[in-house]
Amino acid sequence: NVYGKGEWHKDRMASVILHAYKQISETNAMKLFQSHREDFKNGEQKRDFVYVKDLVDMCFFFQKSFQENNLAENGLFNIGTGKARTFNDLVIATFHAMNIEPSISYIPTPIDIRDKYQYFTEANMAKLKSIGYDTPFHTLEEGVEDYVKNYLLENTYY
């Protein structure tokens, strides 16, 4: 669920934002997967979308903490924002960054992934916060706007 500059080569594994940008650029509309669960409306499936610039900040934090020998914790850390957002939120933010009126439709989730599809993912950030990481993350809207306006629309996505 990481998005940002440098993912163009990832093809179908690229972020939803990049796919949305491409689809909106071509059609002025976006198709998202329908929900096949009663407890989620269409487009309300959630992910912890994190901007690559926030990941870079975390890496610098780890490097500095390691160099200064003040990192008592080790092991695996969840990396994300700790705040899940809907696919609708993400696509609407992409439309707005492109200055296009949102037009979203919903298509059936492919049968071959339907039973494996995750409806909610969110990083637990407690361990990272416990070692003193308190740098604010870009909101989804801020990150999408920066990515779209400064990289995708400017064709500087490599």
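Student: How many aromatic pairs does the count come to?

Tutor: Keep in mind that this is a predicted model. Rings of Phe, Tyr and Trp pair when their centres lie within 6.5 Å. By this rule, the count of aromatic pairs is 11.

Student: Are the rings of Phe-40 and Tyr-119 stacked, edge-to-face or tilted?

Tutor: Start with the distance: the ring centres are 5.2 Å apart. Next comes the angle, where under 30 degrees would be stacked and over 60 edge-to-face. The planes of Phe-40 and Tyr-119 stand at 50 degrees, so the pair is tilted.

Student: How many residues apart in sequence are the parts that this pair of Phe-40 and Tyr-119 ties together?

Tutor: Phe-40 sits in the loop between S2 and strand S3 (46-47), and Tyr-119 sits in the loop between helix H4 (111-114) and helix H5 (126-130). Both residues, Phe-40 and Tyr-119, are buried. Because of where the two loops fall, the pair ties together parts whose separation in sequence is 79 residues.

Student: What about Tyr-51 and Tyr-147: are their rings stacked, edge-to-face or tilted?

Tutor: Their ring centres are 6.5 Å apart. The planes of Tyr-51 and Tyr-147 meet at 45 degrees, so this pair is tilted.

Student: Which elements hold Tyr-51 and Tyr-147?

Tutor: This pair ties together parts that are 96 residues apart in sequence. Tyr-51 is buried at 1% relative accessibility, and Tyr-147 is buried at 0%. The elements holding Tyr-51 and Tyr-147 are, in that order, strand S4 (residues 50-51) and helix H6.

Student: Which residues does Ile-17 touch?

Tutor: We leave out residues up to four places away in sequence. With those set aside, Ile-17 touches Tyr-3, Leu-90, Thr-94, Val-144, Tyr-147 and Val-148.

Student: Is H3 mostly covered or mostly open, and how many of its residues are buried?

Tutor: The buried residues of H3 are Phe-87, Asn-88, Leu-90, Val-91, Ala-93, Thr-94, Phe-95 and Ala-97. They pack against H1, S2, S3, strand S5 (85-86), strand S6 (104-107) and H6. H3 is mostly covered, and the number of its 11 residues that are buried is 8.

Student: Which residues is Val-91 in contact with?

Tutor: Val-91 is found in helix H3, and at 0% relative accessibility Val-91 counts as buried. The C-alpha atoms of Val-91 and Ile-24 are 9.3 Å apart, although these residues are 67 residues apart along the chain. Leaving aside neighbours within four places in sequence, the contacts of Val-91 are Met-30, Leu-32 and Ile-104.

Student: Is Asn-99 buried, partly exposed or exposed?

Tutor: Asn-99 is found in the loop between H3 and S6. Most residues other than glycine have a negative phi. Asn-99, however, has a positive phi near 55 degrees. Its relative accessible area is 67%, and the cut-off is over 50%, so Asn-99 is exposed.

Student: And what is the phi of Asn-28 near?

Tutor: Asn-28 is found in the loop between H1 and S2. At 46% relative accessibility, Asn-28 counts as partly exposed. Phi of Asn-28 is also a positive value in a residue other than glycine, near 60 degrees.

Conventions
Residues numbered from 1 in each chain as written. Predicted model: local features only at pLDDT ≥ 70, side-chain atom pairs only at ≥ 80, totals over all residues. Heavy atoms only, no water. Contact = heavy atoms within 4.5 Å. Phe/Tyr/Trp six-rings, centres within 6.5 Å; stacked < 30°, edge-to-face > 60°. Helix = DSSP H or I, 4+ residues; strand = E, 2+ residues; numbered from the N terminus. Buried < 20%, exposed > 50% of the residue type's maximum accessible area, 1.4 Å probe, protein only.
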